[in-house]
Amino acid sequence: MEPPATDGPAPPLKANAKARKKPYHIKKADLHLDEYRKEQQDRSPALLFNRAVNGLRFSRQFHLYVAIQLVAILAGYGQVMLVIGLFWAMIANTGKRKEGEMSAYSLFNEGVEAIEGSTDMQALEQEMRTRAL
């Protein structure tokens, strides 16, 4: 398709480029850049490391564990206490699901309900029966 003919000379290329709008024009106000910058700062490795160190420095549970670990080392049960401490850390730091949030493992959902897109036995049987040999 040819561009329509004009009566006068063509405008300079720079002016023509400025006059054209992008097909998907996005306003800067719609980007929420301040929120994005805040999220990025909250995820910075230095900040996460500082949070972790401060969490350990002021944690009574961690101080109690270190004291018990030292006593266990002196008594000759340091490795056993280390394993117990690792299990304790896994259990203590397991998060809680939000209201209405489903687990990826259907066994832990109310009514053993599977999440969308997971493979269940009926779908697997149907696929095997309809598959050409």
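Of the contacts in the chain between residues at least 6 apart in sequence, 3% join residues at least 24 apart, a contact being heavy atoms within 4.5 Å. The structure is a predicted model, in which local features need pLDDT of at least 70 and side-chain atom pairs count only at pLDDT 80 or more, while totals for chains, interfaces and linings use all residues. Residues are numbered from 1 along each chain as its sequence is written, and side-chain values use heavy atoms, with hydrogens and water left out.

The chain holds 6 helices and 0 strands, where helices (H or I, at least four residues) and strands (E, at least two) are DSSP runs numbered from the N terminus. The order of elements from the N terminus is α-α-α-α-α-α. Buried residues account for 7% of the 133 residues in the chain; buried means under 20% relative accessible area, exposed means over 50%, and partly exposed lies in between (1.4 Å probe, protein chains only).

Helix α4 (residues 60-75) packs with helix α5 (residues 78-92) at an angle of about 160°, and their axes are 8 Å apart. Axes are lines fitted to C-alpha atoms, for helices over the stretch in contact, and angles run from 0 to 180 degrees between N-to-C directions. The helices α4 and α5 are therefore roughly antiparallel to each other, a term for angles over 145 degrees; those under 35 count as roughly parallel, 65 to 115 as roughly perpendicular and the rest as oblique. On the α4 side, the contact is made by Gln61, Tyr65, Ile68, Gln69, Ala72 and Ile73, and on the α5 side by Gly78, Met81, Leu82, Gly85 and Trp88. By class, 7 nonpolar, 4 polar and no charged residues take part in the contact of α4 with α5. Here Ala, Val, Leu, Ile, Met, Phe, Trp, Tyr, Cys and Pro count as nonpolar, Asp, Glu, Lys and Arg as charged, and the others, Gly among them, as polar.

A search of the whole structure gives 1 salt bridge, defined as a side-chain nitrogen of Lys or Arg within 4 Å of a carboxyl oxygen of Asp or Glu. Arginine 129 forms a salt bridge with glutamate 125, and the closest N and O atoms are 3.5 Å apart. Both residues lie in helix α6 (residues 121-130), 4 residues apart, or about one turn of the helix. Arginine 129 counts as exposed because its relative accessibility is 67%, whereas glutamate 125, at 40%, counts as partly exposed.

Phenylalanine 108 lies in the loop between α5 and α6. With a relative accessible area of 54%, phenylalanine 108 is exposed. Not counting residues up to four places away in sequence, phenylalanine 108 touches Arg97 and Ser103.
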